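Subject: Structure handover

Hello,

My notes on what turned up in it follow directly after.

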Amino acid sequence: MFKQKINKLLIGTNNRGKLREIRSLLPKSIKIYSTSGFNLKSPVENGKTFEENSLIKSKYFSKKTGLMCLADDSGLEIDILNKNPGIYSARWGGKYGDFGKAIKRVYNSLNKKDKNWKNKKIKAKFICALSISYLNKKITCVVGKVEGYISNEPKGKNGFGYDPIFIPLKKRKTFGEMKPSQKYKMDHRYQAFKKIRKFL
Ligand code: IMP
């Protein structure tokens with residue numbers, strides 16, 4: 001069991017939306033490093049689960065920099081699409097990570113599955129696996145989720161990725177329409193974050 005409090009940490013992501021959000025969740029007393037300072041490419045994510053891919057990233061970035069690393073692997077699971085895009089959420093945006101393209105693919109897939117989908121509640125959830133590793137050693141790996149449904153059309157310009165098409169349960173706005181501070185207090189990353197707080 002890892003007993004010490006962490007005082008410096010690399011955030012193992014090249015995704016600026018995630019970096020911004022994770023930064024805002026971490027205590028100010030921790031010195032934070034980002035991958036951009038090291039000019040590192042992302043590793044190949046060939047795990048079969050969010051947890052496996054999160055650990056691939058935290059171990060890889062830690063080994064490359066010698067720093068303890070916090071990494072996230074996350075994505076959107078849509079029930080009637082057999083939980084796709086799931087761990088392929090980033091890959092649905094193509095080589096250049098085009099979120100508009102990923103969203104189109106979601107709507108195309110829903111149209112193919114059920115012509116009448118807009119009249120139904122399309123259940124979905126965002127999932128986030130957060131892990132902390134030091135070199136090749138896993139310190140922790142936890143999962144957080146937020147449930148909701150898919151909006152009939154993209155709404156809002158805030159956030160990143162699938163934010164404009166996801167409406168959390170009991171809300172009317174998509175994550176893309178919410179202020180970042182509102183989204184950060186309820187999303188999958190925050191739910192995972194609560195479980196690793198004791199390390200920070
Ligand atoms: P990865 O974890 O880097 O493989 O990529 C996760 C992908 O899931 C991102 O590129 C987004 O498309 C999507 N995603 C993860 N978290 C969020 C979120 O909070 N909002 C919107 N999209 C997200």
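Predicted model: local features only at pLDDT ≥ 70, side-chain atom pairs only at ≥ 80, totals over all residues.

The pairing of β3 with β4 (residues 123-134) is antiparallel and extends over 10 bridges. β3 also pairs with β1 (residues 8-11), in this case parallel and through two bridges. In that pairing, I11 has L70 of β3 as its bridge partner.

How many of the residues of β3 are buried? The count is 10 of 10, so the strand is mostly covered. C69, A71, D73, G75 and E77 point one way from the strand, while L70, D72, S74, L76 and I78 point the other way; all of them are buried.

The largest pocket holds about 810 Å³ of space. It is lined by 30 residues, and those closest to its centre are N15, K18, E45, A90 and R91. Two elements that each supply at least two residues of this lining are β3 (69-78) and α5 (188-196). β3 gives the most, with four residues. By class, the lining divides into nine nonpolar, 12 polar and nine charged residues.

The second largest pocket has about 150 Å³ of space. Its lining consists of 10 residues, and K5, I6, N7, K8 and M68 are the closest to the centre. Five of the lining residues are nonpolar, three are polar and two are charged.

Is K18 buried or exposed? Its relative accessible area is 9%, which is under the 20% limit, so K18 counts as buried. Not counting residues up to four places away in sequence, K18 touches T13, K57, D72, D73, S74, F160 and R189. Of these, D72, D73 and S74 are also in the list of buried β3 residues.

S58 sits in helix α2. With a relative accessible area of 0%, S58 is buried as well. Its contacts, leaving aside neighbours within four places in sequence, are C69, A71, S131, I132 and S133. C69 and A71 point the same way from β3.

**Nonpolar cores**

The largest nonpolar core has 22 residues, and the members that touch the most others are L9, L26, L70, I132 and I196. Two or more residues of this core come from each of β1, α1 (16-25), β4, β5 (137-150) and α5. The largest share is that of α5, with four residues.

What does I196 contact, apart from its neighbours within four places in sequence? The list is L70, L130, I132, T140 and V142. L70 and I132 are themselves among the members of the core that touch the most others.

Another core lies apart from this one; it has 21 residues, including L81, F126, I165 and F166.

**Backbone points to look at**

Most residues other than glycine have a negative phi, and most peptide bonds are trans. The following places depart from that pattern.

- N84 and P85 are joined by a cis peptide bond, with omega about 0°. P85 is in the loop between β3 and α3 (99-113).
- N82 has a positive phi, near 55°, and is not a glycine. N82 is in the loop between β3 and α3. Its relative accessibility is 60%, over the 50% limit, so N82 counts as exposed.
- N39 is another residue other than glycine with a positive phi, near 55°. The loop between β2 (31-34) and α2 (50-65) is where N39 lies. At a relative accessible area of 71%, N39 is exposed.

Regards

Terms used: Residues numbered from 1 in each chain as written. Heavy atoms only, no water. 1 Å grid on protein atoms, 1.4 Å probe; cavity = no way out; pocket = protein on both sides within 12 Å on 5 of 7 lines; lining within 4 Å. Points joined across faces, edges and corners; volume = space filled by probe spheres on them. Nonpolar A, V, L, I, M, F, W, Y, C, P; charged D, E, K, R; others polar. Buried < 20%, exposed > 50% of the residue type's maximum accessible area, 1.4 Å probe, protein only. Pairing = 2+ DSSP bridges. Core = buried A, V, L, I, M, F, W, Y, C linked by side-chain atoms within 4.5 Å. Contact = heavy atoms within 4.5 Å.
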